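Trainee: I have a model open and want to learn how to read its features. Can we go through a few together?

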Amino acid sequence: MAVRGCDARPAGAAFVSKGPFLPYGRQWIDEADIAAVEQVLRGDWLTQGPSIGWFERSFAEKVGVRHAIACANATAALHVCMLALDLKPNDAVLVPSVTFLATANAVRYVGAQVAFTDVDPDTGLMRRQDAEDAIARAEARGWRVRAIAPVHLAGQTADMVGLSALAIERGLTIVEDAAHAVGTRLTGADGAMVAVGACDRSALACFSFHPVKTMATGEGGMVTTNNDALARKVRAGVSHGMVRDPDGFTNQTAALAADGAPNPWYYEMPEPGFNYRMTDIQAALGISQLAKLDAFVRTRAKLVAAYDTALAPLSPILRPSARMPGVEAGWHLYVALIDFVALGMDRAAFMNALRQDGVGSQVHYIPVHTQPYYRRLYGGLHLPGAAGWYDRCLSLPLYPAMSMIDQDRVVDSLTRIIKG
């Protein structure tokens with residue numbers, strides 16, 4: 001089987017490698033994926049064709065949800081979800097500070113306020129108390145909290161039991177940022193395991209198919225929901241705001257033919273939307289990748305378990321991020337928490353030492369509330385959990401094409417750096 005992946009090494013980086021460079025993440029592409037894309041390229045539809053609907057239906061069936069709407073990327077998915085909530089300038093959405101910029105930025109795209117929450121310093125995940133504290137800060141500013149956007153970091157889920165209970169008590173909408181959690185399962189509301197994206201405790205969930213994620217479409221995203229009205233809003237938002245449902249037409253004279261059927265060319269735009277459509281090329285790759293998702297998840301789980309065992313002797317200087325109960329993670333990242341102060345080495349020097357051995361690493365993430373834009377907008381904010389996570393986190397190589405020999409190289413490099 002042919003396997004191809006991108007080299008995530010920083011441009012111009014120099015290192016002495018004991019083998020091929022091991023990036024922190026990369027895609028798995030095989031001949032079936034290539035054949036699926038080639039079939040589209042040789043066909044009639046490169047975009048707005050049948051592969052989109054096929055991918056959406058396949059994904060919806062996989063996660064057990066009524067609606068799946070494909071998007072250009074996960075940022076677009078988050079944006080159209082915030083649009084669908086009809087947020088106003090004084091409305092606020094709870095967003096954990098440990099996340100990628102897009103989660104918070106999507107709230108600002110629609111003119112609403114970001115109420116940053118703290119996180120568990122050992123998981124990087126939002127807890128109910130973090131949300132409650134952020135609600136109090138938001139209300140003190142005079143904001144009306146409307147929604148919670150929990151982030152499922154590294155493949156683990158936030159505290160969905162606590163957050164959903166809080167959302168019900170407060171009348172809030174939950175929009176899951178599940179960009180890291182394709183293939184993750186958790187204990188559902190009825191006690192059975194359900195897939196992230198089933199939306200049994202949320203209104204909407206957003207996914208990413210970036211090449212370093214569990215499955216890839218190049219760029220690409222998906223929104224899932226069980227709410228018919230939200231699905232219609234999201235779908236319209238993805239494609240310029242156009243609607244083709246006759247029940248929603250306001251100009252019946254222009255919309256309908258003499259026999260009462262809708263004119264085949266007709267559409268209306270109740271509100272402006274965006275061109276956030278996925279192409280058939282991406283969708284074809286997504287369909288092929290989706291067929292391998294379970295295998296990807298199993299391989300990643302085996303690698304995570306092997307890391308846990310092999311890295312145990314490096315504790316307490318290095319230990320894995322804590323694990324959430326009731327979650328079967330579709331691991332996107334393997335995050336080690338490293339006590340750089342006790343080690344006597346800063347993180348940049350540590351990462352450079354790994355790179356010298358041909359081992360890539362990354363930091364997920366710089367707390368978003370510390371970014372210049374948000375400091376100017378909201379002032380300083382003390383979130384000790386986010387700071388505790390950020391000070392120690394380092395993502396190590398994890399992807400399906402990794403061999404045990406590759407992993408041994410990572411462990412050997414870490415051991416040499418930490419133990420000398």
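Trainee: Which residue in S13 is the bridge partner of Tyr334?

Mentor: This is a predicted model, so keep that in mind throughout. Leu396 in S13 is the bridge partner of Tyr334.

Trainee: How many bridges join strand S12 and S13, and in which sense do they pair?

Mentor: Two strands count as paired if there are at least two bridges between them. Here, S12 covers residues 334–338 and pairs with S13 over four bridges, in the antiparallel sense.

Trainee: What is the strand order in the open sheet?

Mentor: The order is S10-S12-S13, three strands with antiparallel pairing. Strand S10 (318–320) and strand S13 (393–396) stand at the edges. Each has a single partner strand, so one side of each lacks a neighbour in the sheet. On average, neighbouring strands here are turned by 35° against each other, direction ignored.

Trainee: Which helix lies across S12 and S13?

Mentor: Helix H12, residues 347–356. H12 runs at about 10° to S13.

Trainee: Now the annotation. What does UniProt list for Lys213?

Mentor: The unreviewed UniProt entry lists Lys213 as a modified residue, N6-(pyridoxal phosphate)lysine. Such annotations may be inferred rather than shown by experiment.

Trainee: Where is Lys213 placed?

Mentor: Lys213 is in the loop between strand S8 (204–208) and strand S9 (221–225).

Trainee: Is Lys213 buried or exposed?

Mentor: Buried means under 20% relative accessible area. Lys213 has 11%, so Lys213 is buried.

Trainee: Which residues does Lys213 touch, leaving out those up to four places away in sequence?

Mentor: Lys213 touches Ala179, His180, Ser208, Arg300 and His332.

Methods. Residues are numbered from 1 along each chain as its sequence is written. This is a predicted model: local features need pLDDT of at least 70, side-chain atom pairs count only at pLDDT 80 or more; totals for chains, interfaces and linings use all residues. Side-chain values use heavy atoms; hydrogens and water are left out. Helices (H or I, at least four residues) and strands (E, at least two) are DSSP runs, numbered from the N terminus. Buried means under 20% relative accessible area, exposed over 50%, partly exposed in between (1.4 Å probe, protein chains only). Contact means heavy atoms within 4.5 Å. Axes are lines fitted to C-alpha atoms, for helices over the stretch in contact, and angles run from 0 to 180 degrees between N-to-C directions.
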